[in-house]
Amino acid sequence: MPDRYAVIGNPIAHSKSPAIHAAFARQTQQDIIYEALLAPLDGFDAVVTSFHLNGGRGVNVTVPFKEQAFRYVNDLTERARVAQAVNTIKFDGDRVLGDNTDGVGLTRDIVHNLAFPLERRRILLLGAGGAARGVLGPLIAARPAEVVIANRTAARAAQLARVFSSHGPVRGGGYEEIGYARFDLVINATSASLDNALPPLPPDIFAPGALAYDMMYGKGLTPFLAFAEAQGAARLADGLGMLVEQAAEAFFLWRGVRPQTAPVIETLRKA
Ligand code: NDP
């Protein structure tokens with residue numbers, strides 16, 4: 001009998017997670033089934049509980065349920081506790097463990113796949129929502145020179161910076177507070193690309209050799225990446241590698257086996 005896993009979200013039909021985990025399972029010869037479950041906006045807890053009672057071993061959680069998942073679990077990894085959001089749940093007897101693999105997914109994609117070390121870099125993080133919160137801990141842990149958070153609602157960025165101030169050098173505010181600074185890495189963790197919109201960025205923010213990273217994937221040259229290209233950013237990347245890396249970390253938590261991500265990223269890019 002294969003072990004059952006699922007991704008839960010709303011909407012969920014276009015999720016790439018079932019294809020990614022099926023590829024990991026084939027590669028590592030793990031006997032699992034991985035489904036996509038649509039939960040009503042007010043029905044997350046009921047869908048997870050039913051899946052668990054029917055033999056489910058773990059779930060991934062996506063938009064808009066990561067904060068509900070944080071409240072649902074009865075145990076947390078340190079990185080999920082810091083992020084206050086859960087994207088991976090492991091059922092282990094009475095223990096319902098919540099983890100957050102988004103941050104390690106992002107840093108692994110940037111540092112290993114894109115070969116862009118983070119130590120001593122100046123990083124500009126756009127957005128102060130769930131994704132930004134999830135990646136801040138691992139970003140600061142990579143020992144950059146500084147992380148600046150810029151957000152449309154300035155108070156949210158300032159608040160996020162306060163929460164992480166004991167982790168390392170970080171400050172936050174509105175876009176107008178970016179000033180004339182230049183950054184080695186600019187990460188778009190806003191959902192602006194979903195609406196084909198561009199955060200209100202000042203010009204000349206990219207330092208020589210800079211990487212522009214949009215967490216959005218599957219949208220080609222987003223307004224943010226087009227802006228970065230026009231402004232002379234040396235390298236552009238979308239969030240597909242992050243998606244596969246966060247999935248690999250979840251797979252490792254569940255199965256104790258770490259799949260190879262490069263062939264899976266390559267297959268998804270071709271598709
Ligand atoms: P949230 O809804 O929690 O946060 C949205 C953020 O975007 C807020 O900071 C909001 O600002 C800002 N924002 C929205 N529209 C605009 C705009 N037009 N201009 C400027 N800022 C804007 O979303 P998440 O943090 O969960 O997700 C953010 C993005 O990251 C999504 O596109 C998601 O697909 C992507 N993502 C990708 C992952 C991957 O594996 N590649 C993993 C997780 C997320 P304000 O606070 O002012 O409202």
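Because the model is predicted, local features need pLDDT of at least 70 and side-chain atom pairs count only at pLDDT 80 or more, while totals for chains, interfaces and linings use all residues. Residues are numbered from 1 along each chain as its sequence is written, and side-chain values use heavy atoms, with hydrogens and water left out.

**Strands**

Helices (H or I, at least four residues) and strands (E, at least two) are DSSP runs, numbered from the N terminus. A residue is called buried under 20% relative accessible area, exposed over 50%, and partly exposed in between, with a 1.4 Å probe and protein chains only. Two strands pair if DSSP finds at least two bridges between them.

In strand β1, 6 of the 7 residues are buried, so β1 is largely enclosed by the rest of the structure. Strand β2 (residues 32–38) runs parallel to β1, and 7 bridges join them. From β1 the chain passes through α1 to reach β2, and this β-α-β crossover is right-handed. Right-handed means that, with the strands pointing away from the viewer, the path from the first strand over the helix to the second runs clockwise. β1 also pairs with β3 in the parallel sense, over 5 bridges. Residue A6 can be followed in both pairings: A6 stands opposite E35 in β2 and opposite V59 in β3.

Strand β10 is mostly covered, with 6 of its 6 residues buried. β10 runs parallel to β7, to which it is joined by 4 bridges, and parallel to β11, to which it is joined by 5 bridges. L124 has V186 in β10 as its bridge partner, and N188 has D214 in β11.

**Aromatic rings**

A pair of aromatic rings is described by the distance of the centres and the angle of the planes. Rings of Phe, Tyr and Trp (its six-membered ring) pair if their centres lie within 6.5 Å; planes under 30 degrees apart count as stacked, over 60 as edge-to-face and the rest as tilted. The structure holds 6 aromatic pairs. In one of them, F44 and F65 have ring centres 5.1 Å apart and planes at 25 degrees, so the pair is stacked. F44 belongs to helix α2 (residues 44–53) and F65 to the loop between β3 and α3, so the pair ties together parts that are 21 residues apart in sequence. F44 counts as buried because its relative accessibility is 0%, and F65 counts as buried because its relative accessibility is 0%. Y5, Y34 and W254 form one aromatic cluster.

Two rings have a charge over them, a term used if NZ of Lys or CZ of Arg is within 6 Å of the ring centre and within 35 degrees of the ring normal. The charged end of R121 sits over the ring of F116, 4.0 Å from its centre. R258 lies over the face of F252, at 4.2 Å from the ring centre.

**Backbone exceptions**

| Site | Feature | Value |
|---|---|---|
| N10 and P11 | cis peptide bond | omega about 5 degrees |
| V63 and P64 | cis peptide bond | omega about 5 degrees |
| A115 | positive phi | about 50 degrees |
| R143 | positive phi | about 60 degrees |
| N196 | positive phi | about 55 degrees |

P11 lies in the loop between β1 (3–9) and α1 (17–28), and P64 in the loop between β3 (56–61) and α3 (66–72). A115 is not a glycine and lies in the loop between α5 (102–113) and β7 (122–126). A115 is exposed because its relative accessible area is 53%. N196 is not a glycine either, and is found in the loop between β10 (183–188) and β11 (206–214). N196 is exposed because its relative accessible area is 57%.

**The loop residue T261**

T261 is found in the loop between α9 (240–255) and α10 (262–270). T261 is buried because its relative accessible area is 12%. Not counting residues up to four places away in sequence, T261 touches F24, V244, E245 and A248, where contact means heavy atoms within 4.5 Å. The side chains of T261 and E245 also make a polar contact (2.8 Å). A polar contact is a pair of N or O atoms within 3.5 Å; within protein, one must be able to donate a hydrogen and the other to accept it, and residues adjacent in sequence count only if both atoms are side-chain atoms.
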